[in-house]
Amino acid sequence: MADFSRPESPEPRIQSLARADAILSAVMARAEPISLGALSDSVGLNKTTIFNLAESLVVLGFLERTTQPKGYRLGLRCLELGRHVAKTLPLLEVSRPSIRELCQKTGETVNLAVPYLHEAIIIEALQSHHAVRATAYAGSRSNYHSSACGKAILAYLPAEQRQWLYATAGLSRMTEHTICDIDTLEAELATVREKRFAVDNQENEIGAYCLAMPIFGPFHEIAGSISVSGVIQRMTPQLIDEVVALLQQHTNAISQSLRPGSPPGGV
């Protein structure tokens, strides 16, 4: 069994790879290109070191230089690798029909998330057709403790792994409604396990309401979650009941599809 009791994550053995990862993460965190100076401040290394590493990443296609404004943005190599990873994920393949149907029937944003290090990561997202909507994008990360898709996963992680996550990642406050106390969060996760769905009521973003249900893998381990997100004014009790019923139908079918000997495809 994996050891989740260690106080912090292991560091990469090659320092330059860790620095390159820090650079890519800093670039990814910005909607606009990031300048060399801002990149140096963000990563905590001098400009010469940052420049040499960034230019190497440009040559490899992981970064692109920009002129207006002058700086760096992610390169197409990142997209190429991300697309390749997506194609090799059985969960994504079997979930796509359900994601499309959920988006069509509810009219709201639908996300598919999987466990990833200290956060969940969204591997597929279909946006609502409404002008005002909850937004998320494939490749973005979602806090375990403040999002419905994160809580639907966190509730079924081993207790020792949850404690390790609390110790290493913490419970950052996203809004005034975010649960930042471990005991309160653990009580909420017990409710998630009892009801089999998680709720994010403006805990991750003011004005957004989200429901999520877990997906289980071949050995009944937590494999991911699907969430339906909308603005709080549209999430009426009637729509919430409909979403819960639809999520239950689709997540059960997807979980069944992931078991050995099951035919491919969801609902």
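Biologist: In which helix is Ala190 found?
Modeller: This is a predicted model, in which local features need pLDDT of at least 70 and side-chain atom pairs count only at pLDDT 80 or more, whereas totals for chains, interfaces and linings use all residues. Residues are numbered from 1 along each chain as its sequence is written, and side-chain values use heavy atoms, with hydrogens and water left out. Helices (H or I, at least four residues) and strands (E, at least two) are DSSP runs numbered from the N terminus, and the helix in which Ala190 is found is α8.

Biologist: Is Ala190 buried, partly exposed or exposed?
Modeller: A residue is buried under 20% relative accessible area, exposed over 50% and partly exposed in between, with a 1.4 Å probe and protein chains only. Ala190 has a relative accessibility of 36%, and so it counts as partly exposed.

Biologist: How many helices and strands does the secondary structure of the chain come to?
Modeller: The chain has 267 residues, of which 43% count as buried. Contact means heavy atoms within 4.5 Å, and of the contacts in the chain with a separation of 6 or more, 54% involve residues 24 or more positions apart. The secondary structure of the chain comes to nine helices and eight strands.

Biologist: How are α1 and α3 oriented to each other?
Modeller: Axes are lines fitted to C-alpha atoms, for helices over the stretch in contact, and angles run from 0 to 180 degrees between N-to-C directions; angles under 35 degrees count as roughly parallel, over 145 as roughly antiparallel, 65 to 115 as roughly perpendicular and the rest as oblique. The axes of α1 (residues 15-28) and α3 (residues 47-60) come within 10 Å and cross at roughly 80°. The relation of α1 to α3 is therefore roughly perpendicular.

Biologist: How do the residues of the contact of α1 with α3 divide into nonpolar, polar and charged?
Modeller: On the α1 side the residues are Ser16, Arg19, Ala20, Ile23 and Leu24, and these meet Thr49, Ile50, Leu53, Ala54 and Leu57 in α3. Ala, Val, Leu, Ile, Met, Phe, Trp, Tyr, Cys and Pro count as nonpolar, Asp, Glu, Lys and Arg as charged, and the others, Gly among them, as polar. The residues of this contact of α1 with α3 divide into seven nonpolar, two polar and one charged.

Biologist: Which residues of α3 make the contact with α2?
Modeller: The axes of α2 (residues 36-43) and α3 come within 9 Å and cross at roughly 105°, and α2 and α3 are therefore roughly perpendicular to each other. From α2 the contact takes Leu36, Gly37, Leu39, Ser40 and Val43, and from α3 it takes Lys47, Ile50 and Phe51.

Biologist: To what does the count of disulfides come?
Modeller: A disulfide is a pair of cysteine sulfur atoms within 2.5 Å. The sulfur of Cys149, a residue that counts as buried at 4% relative accessibility, has its closest cysteine sulfur in Cys210 at 6.1 Å, which is too far for a bond. By this rule the count of disulfides comes to zero.

Biologist: With which side chain does the side chain of Ser142 make a polar contact?
Modeller: Ser142 lies in strand β5 (residues 141-142) and counts as buried, at 6% relative accessibility. Not counting residues up to four places away in sequence, Ser142 touches Glu119, Ala120, Ser147 and Cys149. A polar contact is a pair of N or O atoms within 3.5 Å, where within protein one must be able to donate a hydrogen and the other to accept it, and residues adjacent in sequence count only if both atoms are side-chain atoms. The side chain of Ser142 makes such a contact, at 2.7 Å, with the side chain of Ser147.

Biologist: What is the relative accessibility of Arg162?
Modeller: Arg162 is among the buried residues of α7 (residues 159-169), together with Gln161, Trp164, Leu165 and Tyr166, and what covers the buried residues of α7 includes α6 (148-154) and α8 (182-195). Leaving aside neighbours within four places in sequence, Arg162 is in contact with Leu154, Ala155, Leu157, Glu186, Leu189 and Arg193. Arg162 counts as buried, because its relative accessibility is 7%.

Biologist: Which peptide bond is cis, with omega near 0°?
Modeller: Most peptide bonds are trans. Pro69, found in the loop between β1 (63-67) and β2 (70-74), is partly exposed with a relative accessible area of 43%. The cis bond is the one from Gln68 to Pro69.
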